[in-house]
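Student: Can you walk me through this model? I would like the overall picture, then some details.

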Amino acid sequence: MKKEIIKKMCVLGDGAVGKTSLIRRFVYDTFDDIYITTIGSKTTAKVLHIPFGNESIMLKLQIWDLLGQKGFAKLHVSSFKGANGVFMVTDITRKETLDSLEEYWIPKVQSLVGNIPFVILANKRDLMRKAKFTQEDLREFASRYNVPYYLTSAKNGRNVNQAFYALGRNMMDPRIGKPKFPSRPKIIHPHQIFEGERVEFARIIDIIIDDFCKGYSDFEDGMSVLERQFEMAKLDLSNPTIEALKRALDRLELVEQGIKKREIARADHLKRLRWLEEIQLGT
């Protein structure tokens, strides 16, 4: 009988780098190029059979697809708990998504869950003609941390399975899979406020999400309600607007009137509107 091991992995990176599409390609062998913003996190399961020493291990992967917007500290902290390995995903057509791994995602993972294995994926290999950094840039980046890297395509599946199996093997033997840090990376406090109007929106939305979910015994139950209300309010977390967020807050008040006293639901609504007023809009 094969030995069974359960491991949790997170798929991280900026918005629209293809995290959800990579997971769909690996788990279901399908591709959908319609970009859907992930609210909070989504989980998927997949079993890998990995040769390990003289035996074959049945590795049950719990794959967490995390929201790729900076500023959602509370959501990220909650989702990172118990992670055994990470995909760091970048979009080969956007150089800033590679820089973001070093400036934000790698330090955040190290500060919250320690030195766990990770693999770098430069996604959208099918768009190499539009690439904004080279394979040599990627190789040099990965070598600084002594981790594997893959040029992947969620569209045609190139190197996707190989990348998952590589991380799976590294999670089985963390002595091999742990990255090395040539110099201490910049550690970003999980509640640090980042510059820019979009991230300020994210900070406020993050606080609102946390406040709303406190009304539920299970955080995921609250998140499922939020996801539906955000969708109906047409709140796009990759490009939020005050108007859409106000619509979402109105919907949340209606939901809470069904589980709280009306005056308490109203007070919570007004409190969240005051938080929204903290956002300083540019001209």
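Tutor: What follows goes from the whole chain to single residues.

Student: Before that, what sort of model is it, and what are the ground rules?

Tutor: This is a predicted model, in which local features need pLDDT of at least 70 and side-chain atom pairs count only at pLDDT 80 or more, while totals for chains, interfaces and linings use all residues. Residues are numbered from 1 along each chain as its sequence is written, and side-chain values use heavy atoms, with hydrogens and water left out.

Student: Fine. How many helices and strands are there?

Tutor: The protein chain has ten helices and six strands.

Student: What fraction of the contacts joins residues 24 or more positions apart?

Tutor: Among contacts with a separation of 6 or more, 72% are between residues 24 or more positions apart. Contact here means heavy atoms within 4.5 Å.

Student: Now helix α4. Which of its residues are buried?

Tutor: Helix α4 covers residues 135-145, and its buried residues are L138, F141, A142 and Y145. They sit on the same side of α4, because the arc they cover around the axis is only 95 degrees. That arc is taken over the directions from the helix axis to the C-beta atoms.

Student: Why would that spacing put residues on one side?

Tutor: An α-helix has 3.6 residues a turn, so residues three or four places apart point the same way.

Student: What covers those buried residues?

Tutor: The cover includes α3 (95-113), β5 (118-123) and β6 (149-151). As for the end of the helix, α4 is followed by N146, which has a positive phi near 60 degrees.

Student: Different topic. How many disulfides are there?

Tutor: The count is zero disulfides, taking a disulfide as a pair of cysteine sulfur atoms within 2.5 Å.

Student: Is C10 buried or exposed? And C213, buried or exposed?

Tutor: C10 is buried at a relative accessible area of 1%. C213 also counts as buried, at 3%.

Student: How many salt bridges, then?

Tutor: There are 17 salt bridges, each being a side-chain nitrogen of Lys or Arg within 4 Å of a carboxyl oxygen of Asp or Glu.

Student: Where does D91 sit, and which residue does its side chain meet in a polar contact?

Tutor: D91 is in strand β4. The side chain of D91 makes a polar contact with the side chain of T93 at 2.8 Å. A polar contact is a pair of N or O atoms within 3.5 Å; within protein, one must be able to donate a hydrogen and the other to accept it, and residues adjacent in sequence count only if both atoms are side-chain atoms.

Student: What salt bridges does D91 form with R94 and K124?

Tutor: D91 pairs with R94, the closest N and O atoms being 3.1 Å apart. K124 also forms a salt bridge with D91, at 2.9 Å between the closest N and O atoms. K124 lies in the loop between β5 and α4 and D91 in strand β4 (residues 85-91), so the pair ties together parts that are 33 residues apart in sequence.

Student: How accessible are the three of them?

Tutor: D91 is buried at 2% relative accessibility. R94 is partly exposed at 24%, and K124 is partly exposed at 21%.

Student: Last one: where is G215?

Tutor: G215 is in the loop between α7 (197-213) and α8 (219-232), and is partly exposed at 46%.

Methods:
Buried means under 20% relative accessible area, exposed over 50%, partly exposed in between (1.4 Å probe, protein chains only). Helices (H or I, at least four residues) and strands (E, at least two) are DSSP runs, numbered from the N terminus.
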